[in-house]
Amino acid sequence: MFDSLSDRLNAAFKRFKGHGRLDAKNIKDGLREVRLALLEADVHFSVVKDFIERIKDRAQGQEVLESLTPGQQVVKIVHEEMIELLGGTTSGLDLGTKPPLVIMMAGLQGSGKTTTSAKLALYLRRQKRKPFLVPADVYRPAAIDQLHKLANELGVPAFASTADMNPVDICSQAIEEAKKQACDVVLLDTAGRLHIDELLMQELQAIKETCKPQEILFVADSMTGQDAVNVAARFNELLDVTGVVLTKMEGDARGGAALSIKSVTGKPIKFVGMGEKLSDLEVFHPDRVASRILGMGDVLTLIEKA
Amino acid sequence: SKTREQLSKQIDHLLSMTGSFDDEFWEELEEILIMADVGYEASHKLLERLRPKVRREDITDAQAFKDMLKAELVQIFEEARRPAKTGTPEVVLMVGVNGVGKTTTIAKLAHRAQMQGKKTLVAAGDTFRAAAIEQLNIWAKRVGAGFYAKEHGADPAAVAFEAMNMAIEQGYDQVFMDTAGRIHTKVDLMEELKKIKRVLGKKMDGAPHRTILVLDATTGQNALSQVRLFSEAVDLDEIVLTKLDGTAKGGIIVAVALEYKIPISFIGLGEQMEDLRPFSGEDFAKALLD
Ligand SMILES: Nc1nc2c(ncn2[C@@H]2O[C@H](COP(=O)(O)OP(=O)(O)OP(=O)(O)O)[C@@H](O)[C@H]2O)c(=O)[nH]1
Ligand SMILES: Nc1nc2c(ncn2[C@@H]2O[C@H](COP(=O)(O)OP(=O)(O)OP(=O)(O)O)[C@@H](O)[C@H]2O)c(=O)[nH]1
Ligand SMILES: [Mg+2]
Ligand SMILES: [Mg+2]
């Protein structure tokens with residue numbers, strides 16, 4: 001089912017034995033394979049269309065590389081373009097601001113906000129920071145308990161929210177409490193919500209207004225399909241997010257949502273969740289995720305050397 | 001943008017533009033299906049089933065075509081129907097990847113069972129995730145169901161074993177076994193699931209009577225891999241599709257039904273215990289077109 005792009009391209013280009021270079025005809029065939037691979041990886045349909053146009057333009061003006069087959073040349077171009085689109089260089093958190101740095105997590109239900117809050121607390125503590133965890137989900141049963149247990153496991157302080165409090169109050173009081181405890185990073189774990197839930201989206205805007213977070217991270221499940229664009233666009237529209245975290249990437253999801261989300265929001269993907277353990281968080285590497293979306297591993301290293 | 005338009009209107013528009021079922025029409029229709037997460041392969045298969053029918057039945061207008069598309073989808077879901085097993089207590093094992101809605105769906109199903117007058121037990125088989133036991137306990141109280149749990153970190157198979165004892169001794173009609181979310185490619189975690197299933201079967205012939213995979217409607221093509229690997233590990237009887245209250249169409253279950261023929265039993269439409277509906281192929285097809 002999930003053939004790698006290079007397998008597909010090789011098959012496509014076999015029909016052109018003897019043609020050592022890219023021409024209009026074999027580019028067209030190659031691009032059809034690229035398109036299919038991207039769709040199977042769940043990249044949004046319109047994003048795929050734009051992407052293919054870019055590739056086409058580049059491929060047509062391409063100089064012939066003696067060392068590569070036409071298939072490999074297309075892979076090389078596609079891979080480079082994708083890294084470019086995914087964000088080029090790596091961008092982490094801006095830790096230079098005046099403390100406390102306030103980070104707010106937002107996203108759909110079950111995407112991984114609470115777990116990622118705790119993972120970030122561990123990540124930041126390893127950077128010699130003093131994180132403070134804030135459970136601001138008063139809706140989901142035992143959500144506050146969940147973050148408290150994770151905080152406990154890490155030995156990181158957490159705010160004593162209760163389910164009868166208002167999330168905006170929780171966040172503003174928690175920031176004061178964090179200052180008192182001399183913590184320099186405050187992580188706000190908000191409840192999961194649908195992007196079309198007006199009331200709950202307003203609640204996020206109110207938290208933003210009151211707490212002025214320097215970072216607003218949109219947490220998205222890497223297995224998300226075509227709807228990723230609608231969801232990400234709405235969260236970004238209402239909150240002007242500063243970055244994206246892509247979770248559950250340790251499985252076999254191709255993670256095309258990464259490309260969709262980056263394309264519609266323009267915001268950098270900052271971290272990738274690679275498991276349920278609190279140490280399973282990685283800084284985002286565009287090249288790795290690009291290879292993943294394209295479904296190819298070792299071939300790339302070969303091509304990169306060319 | 002195109003994505004927000006209704007499929008139904010797009011079909012009208014397409015046919016009014018081309019006036020016939022030409023290649024362009026089929027290509028555009030395929031795009032639309034792909035954008036609903038049906039996926040390239042499944043869309044292709046679905047259209048291959050439709051093409052000859054359109055020709056044979058001499059379909060000309062948009063409404064007739066939409067009815068035919070709907071009927072075809074209903075047919076695909078019908079083909080996936082299976083006879084249900086049951087017993088007393090009836091044992092349900094809930095499985096799926098992380099965060100899809102297993103625990104909440106148990107609350108919804110337990111609520112439904114309680115309303116039908118069944119004495120219901122929920123068992124906290126997720127001993128791994130922080131506060132998973134507490135979450136299920138709160139739901140059990142709200143629903144009014146019995147609750148069985150061991151401590152955090154306990155062997156989930158032991159939870160299954162003891163919950164079955166409790167259910168049999170105390171005359172429960174229905175048992176829901178929650179399990180921890182797990183990514184389907186993690187071999188050791190899938191082995192753990194097999195062990196839970198074996199233990200249930202040892203305690204009672206035919207148990208679990210229903211092994212339900214929970215799928216999140218926002219999931220894309222990866223759902224196919226989830227269904228395949230969970231099927232291989234614990235042989236699925238049913239699928240519940242959650243989070244259909246968002247804007248995702250859940251088109252991936254068309255691909256799932258086509259390829260695996262596993263029936264979809266319920267859909268989740270919110271975070272409350274009432275937010276569950278029996279799946280209807282007809283309604284799903286309608287929603288896909290809207
Ligand atoms: N496999 C895997 N599981 C993850 C990852 N990140 C989070 N999870 C799991 O996903 C599930 C949901 O995570 P949560 O952190 O509770 O998600 P949430 O967004 O806070 O959920 P709500 O508060 O209900 O909206 C849990 O089972 C987590 O353990 C990851 O990177 N990989
Ligand atoms: N909007 C919406 N949210 C849902 C639905 N079903 C579950 N949720 C939410 O999704 C999140 C995850 O639900 P859980 O029931 O904890 O999911 P789970 O599969 O048990 O998660 P893990 O045990 O961590 O793997 C919670 O915030 C639920 O309230 C649904 O049908 N619609
Ligand atoms: Mg949470
Ligand atoms: Mg659960």
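**Two ligands, two chains: a group meeting talk**

Okay, let's start at ligand 2: the largest share of the shell around it, 4 residues, comes from helix α5 of chain B, residues 102-115.

Before I go on, some housekeeping. This is a predicted model, where local features need pLDDT of at least 70 and side-chain atom pairs count only at pLDDT 80 or more, while totals for chains, interfaces and linings use all residues. Residues are numbered from 1 along each chain as its sequence is written, chains are lettered from A and ligands numbered from 1 in the order in which they are written, and side-chain values use heavy atoms, with hydrogens and water left out.

Back to ligand 2. Where does ligand 2 lie? Between chains A and B. It is surrounded by 21 residues, and the closest are B:G101, B:K102, B:T103, B:T104 and B:E271. A residue counts as near a molecule here if one of its heavy atoms lies within 4 Å of it. Sorted by class, that shell has 2 nonpolar, 11 polar and 8 charged residues. For the classes, Ala, Val, Leu, Ile, Met, Phe, Trp, Tyr, Cys and Pro are nonpolar, Asp, Glu, Lys and Arg are charged, and the others, Gly among them, are polar.

Now the polar contacts, meaning pairs of N or O atoms within 3.5 Å. Within protein, one atom must also be able to donate a hydrogen and the other to accept it, and residues adjacent in sequence count only if both atoms are side-chain atoms. A polar backbone atom of B:G99 is 2.9 Å from an oxygen atom of ligand 2. For B:Q135, an N or O atom in the side chain is 3.0 Å from a ligand 2 oxygen. With B:G181, a polar backbone atom sits 3.5 Å from an oxygen of ligand 2. On its own, ligand 2 has 650 Å² of accessible area, and the protein covers 96% of it. Those areas come from the Shrake-Rupley method with a 1.4 Å probe, and for residues only the protein chains shown count as cover.

On to ligand 1. Ligand 1 lies between chains A and B. Which residues are closest to ligand 1? Out of 23 residues that surround it, the closest are A:K113, A:T114, A:T115, A:R140 and A:E250. Helix α5 of chain A, residues 113-126, gives the largest share of this shell, with 4 residues. By class, we get 3 nonpolar, 12 polar and 8 charged residues around ligand 1.

A:R140 has a polar side-chain atom 2.5 Å from an oxygen atom of ligand 1.

Next, the inside of the protein. In soluble globular proteins, nonpolar side chains tend to be buried together. Buried means under 20% relative accessible area, exposed means over 50%, and partly exposed is in between, with a 1.4 Å probe and protein chains only. A nonpolar core is a set of buried Ala, Val, Leu, Ile, Met, Phe, Trp, Tyr and Cys residues joined through side-chain atoms within 4.5 Å.

The largest core has 104 residues, and those with the most contacts inside it are B:I11, B:F25, B:W26, B:F65, B:L215 and B:V227. Its largest share, 8 residues, comes from helix α10 of chain B, residues 252-260. A second, separate core has 72 residues, including A:A59, A:I216, A:V244 and B:M35.

That α10(B) helix is mostly covered, with 8 of its 9 residues buried. Among the buried ones are B:I252, B:V256 and B:Y260. Just after the helix, B:K261 takes a positive phi of about 55°.

Last, chain A. How many helices and strands does chain A have? There are 12 helices and 7 strands. Of its 306 residues, 58% count as buried. A:S260, in helix α10 of chain A, residues 257-265, counts as buried because its relative accessibility is 1%. And A:R8, in helix α1, is buried too, at a relative accessible area of 12%.

Methods. Helix = DSSP H or I, 4+ residues; strand = E, 2+ residues; numbered from the N terminus.
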